[in-house]
Amino acid sequence: MSRTSTLSQPSAPRPVPAGQAPPAVLAAMSLWLFAVAAGAFEAVLIVTESLSSGTAFGELLPQIAFRLGVFAAAVLLALRLRAGRNWARLTLAVGLGIFGTLSLVVEPVRWLLDGGSIGAAVAAWGPMDFVFAGSRTLHLLAVLGAVTLMFQPRANAFFRGRSA
C-alpha cells in the first residue's frame with residue numbers, strides 16, 4: 001500500500017481501555033478547568049476594580065456567589081466528563097459552551113454594534129485592561145477547544161460506551 005493511500009484513508013477510533021478516558025476527553029477536561037481558572041482570575045480583576053472605584057463589598061456578594069456557583073458546577077461537570085458521563089458533556093456544551101460563551105461576548109458585541117472603536121479603546125487601555133483582555137481571550141479559546149474536543153470521534157465512542 002502506498003503512503004498516499006494510507007494517509008488519505010480515515011482510521012477508525014482506537015478502543016480505549018475500560019475506565020480510561022481518551023486523550024481528547026482528558027484534554028477537554030483540562031481546558032474546562034483552565035477556563036474556570038481564567039474566569040476566576042477575571043472575577044478577581046473585576047472585584048478588585050469595583051472595590052478600588054468605591055463599590056461596597058456587600059454590593060458585590062451576589063455576583064461573587066453566582067460566579068463561585070458556576071465555577072464549582074463547571075469543575076464538577078468536568079470531572080464527570082472525564083468519567084464518561086454524557087449528561088455532563090451535554091450540560092457543559094449547552095450551558096457553558098453556548099450560553100456561557102454568549103455571556104462573555106454579548107457586551108463587547110453590543111458595544112461594537114453601538115459604534116465602539118477597537119482602536120480607540122485599545123489606545124486608552126491601561127495594563128489591567130490588557131491583562132483582562134488576554135485572560136478573556138484565553139478563556140474563550142479554552143471553551144471553544146473543550147467543546148470541539150468533547151465531540152471528536154474517540155470522545156463520541158467513549159461516551160457511547162458508557163451509561164448514566
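The side chains of Asn86 and Arg89 are joined by a polar contact of 2.8 Å (a pair of N or O atoms within 3.5 Å, where one must be able to donate a hydrogen and the other to accept it). A quick note before going on: this is a predicted model, where local features need pLDDT of at least 70 and side-chain atom pairs count only at pLDDT 80 or more, while totals for chains, interfaces and linings use all residues. Residues are numbered from 1 along each chain, and side-chain values use heavy atoms, leaving out hydrogens and water.

Asn86 sits in helix α4 (helices are DSSP runs of H or I with at least four residues). With a relative accessible area of 27%, Asn86 is partly exposed; that label covers the range between buried, under 20%, and exposed, over 50%, with a 1.4 Å probe and protein chains only. Its C-alpha atom is 9.3 Å from that of Phe158, 72 residues apart along the chain.

| Pair | Centre to centre | Angle of planes | Type |
|---|---|---|---|
| Trp125 and Phe130 | 5.0 Å | 85° | edge-to-face |
| Phe158 and Phe159 | 5.3 Å | 70° | edge-to-face |

Phe158 and Phe159 are both buried. Trp125, on the other hand, is partly exposed at 33% relative accessibility, and Phe130, in helix α6, is partly exposed at 45%.

Trp125 and Phe130 turn up again in a nonpolar surface patch of about 550 Å², together with Trp111, Leu112, Ile118 and Val122. Patch residues have over 30% relative accessible area and no salt bridge, and nonpolar side chains are joined within 5 Å. Helices α4 (86-113) and α5 (118-124) each give two or more residues to the patch.

Key
Patch = residues over 30% accessible without salt bridge, like charges linked within 9 Å, V, L, I, M, F, W, Y side chains within 5 Å. Areas by Shrake-Rupley, 256 points an atom, 1.4 Å probe, with all protein chains shown as cover. Salt bridge = Lys/Arg side-chain N within 4 Å of Asp/Glu carboxyl O. Phe/Tyr/Trp six-rings, centres within 6.5 Å; stacked < 30°, edge-to-face > 60°.
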